[in-house]
There are 2 protein chains.
Amino acid sequence: MLFRQMIEPDSSTYTYLIHCPDTGKTALIDPVLDTVERDLSLLQELGLELDFTLDTHIHADHLTGAKRLKELTGSRIVGPAVDQLPCTDIGVREGEPFRVGNIEINPLFTPGHTDHHHAYLIDTGTHRMLFSGDALLIEACGRTDFQSGDAATLYRSIHDKFFTLPDETLVYPCHDYEGRQISTIGQEKNRNPRLGNSKTLEEFVEIMDNMDLPYPRKIDFAVPGNQLCGACPPNVPEEYRQPCLRHDQG
Amino acid sequence: MLFRQMIEPDSSTYTYLIHCPDTGKTALIDPVLDTVERDLSLLQELGLELDFTLDTHIHADHLTGAKRLKELTGSRIVGPAVDQLPCTDIGVREGEPFRVGNIEINPLFTPGHTDHHHAYLIDTGTHRMLFSGDALLIEACGRTDFQSGDAATLYRSIHDKFFTLPDETLVYPCHDYEGRQISTIGQEKNRNPRLGNSKTLEEFVEIMDNMDLPYPRKIDFAVPGNQLCGACPPNVPEEYRQPCLRHDQG
């Protein structure tokens, strides 16, 4: 399997490229509208055609590149079936592996950050690679105060679905705000200040209830835009309009 | 490939288990005398027999488990050929891959922490896994003030041999003192406070020259002991003698 990790710096979102060399099939996990051109350049450089985009959830901090990439490459839009978005081509659910050629991507239903959040798990033979979305971040986790988020639900998702994986499992998050790129399940069990070292559900809920976070700066246009798989809704403020303008001209 | 990461808590040393399922061959990278019994239990639990131990260098902070494991399992002792230790069964050198069954381990001559230090690189098909020894640690590096260490030499090793690897390369260090387990080459380029963000050789040498570190507490017996592949020299202080006693009784 060919693998790349790329960052969109404004929202610190990681996009992951997955390619099956046996079949030529290629997917991007959590592409961002702002970096669609960068992704296309990489695909071209590697001589790959894009078959699928997969989103882990309806993001509130950036617009997905799914719709734009579909328009430009014909890639199919994959996302949690439970979202029931009319723009999604293929809905995935836990227990039903999604195949990118010979690569089996296992969706894990992991609500709490949003009520429909799914992580994706790939077993390479040597490593399990967990694309943890916004559920589990490095020494952190996604916030639980918007989009039907719920701290107790997130705690159970992480403990039941992630912390039961082997310690060596590689954790590839959807974001990191400090330039970190990777963790492991063992490392998060040891070091995550909200969830690690046997923190109880009650302790976690208290931590999340007292985060005192600012209102998400893109949520008002990102959520409706992502419910359309990355369309630019009319209420995008001037300062964030550039990717949308490129999109509309495309 | 089957893979495990284990820690010896007193010296915060990571030992790595590598197993080729096609051939049944198994190796341990940087085993520690204190945790030989733990390693043997894991091998037994997994139903594996040990074929090789590989050390990255002559450690100063712990005694290697190589000799003890050889006595107990018949495993062969592998280490840098340039060390010219009479107790080593197989000497490795850069440019000559060492095979554990179908797994190819590529030694990288990376002096600077010690003058004979080698890292080991494995390509799993999806990931490159760099066992970086004491040359590159997570947001740190091995000290350069003992054992023919040299900061400028270490800088060149890391920049020429490690930072030329793809950013996604997994970095598995020989130590971490804060419970971290993994990094990537990209992350170390970004975040390593001594070596990252285009720090110059001169800046690195100045940092290393001003570390003001305490005298290594085990060096006086660890280095001569490791020159015998993990024998217990007579000068082991009482407080560190327990693994040696187990060893002598074994």
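1. In chain B, helix α3 (residues 151-162) and helix α5 (residues 201-209) have axes that come within 9 Å and cross at roughly 130 degrees. Axes are lines fitted to C-alpha atoms, for helices over the stretch in contact, with angles running from 0 to 180 degrees between N-to-C directions. Helices are DSSP runs (H or I, at least four residues), numbered from the N terminus.

2. The model is predicted: local features need pLDDT of at least 70 and side-chain atom pairs count only at pLDDT 80 or more, while totals for chains, interfaces and linings use all residues. Residues are numbered from 1 along each chain as its sequence is written, chains are lettered from A and ligands numbered from 1 in the order in which they are written, and side-chain values use heavy atoms, with hydrogens and water left out.

3. On the α3(B) side, B:A151, B:A152, B:L154, B:Y155 and B:R156 meet B:L201, B:F204, B:V205 and B:M208 of α5(B), contact meaning heavy atoms within 4.5 Å. This contact comprises 8 nonpolar, no polar and 1 charged residues (Ala, Val, Leu, Ile, Met, Phe, Trp, Tyr, Cys and Pro count as nonpolar, Asp, Glu, Lys and Arg as charged, and the others, Gly among them, as polar).

4. In chain A, helix α3 (residues 151-162) packs against helix α5 (residues 201-209) at about 130 degrees, the axes being 9 Å apart. The two helices α3(A) and α5(A) are therefore oblique to each other, and their crossing is right-handed. A:A151, A:A152, A:L154, A:Y155 and A:R156 of α3(A) meet A:L201, A:F204, A:V205 and A:M208 of α5(A).

5. Also in chain A, the axes of helix α1 (residues 36-46) and helix α2 (residues 66-73) come within 10 Å and cross at roughly 45 degrees. That angle makes α1(A) oblique to α2(A). The contact involves A:V36, A:E37 and A:L40 of α1(A) together with A:R68, A:L69, A:L72 and A:T73 of α2(A). These residues divide into 4 nonpolar, 1 polar and 2 charged.

6. Between the chains, 24 residues from chain B and 24 residues from chain A take part in the contact. The area buried between them is about 2000 Å², of which carbon and sulfur atoms give 47% (the accessible area, 1.4 Å probe, that two parts lose on being put together, summed over both). The count of salt bridges between chain B and chain A is 0 (a side-chain nitrogen of Lys or Arg within 4 Å of a carboxyl oxygen of Asp or Glu).

Notes. Parallel < 35°, antiparallel > 145°, perpendicular 65-115°, else oblique. Left-handed = near helix turned anticlockwise from the far one by under 90°.
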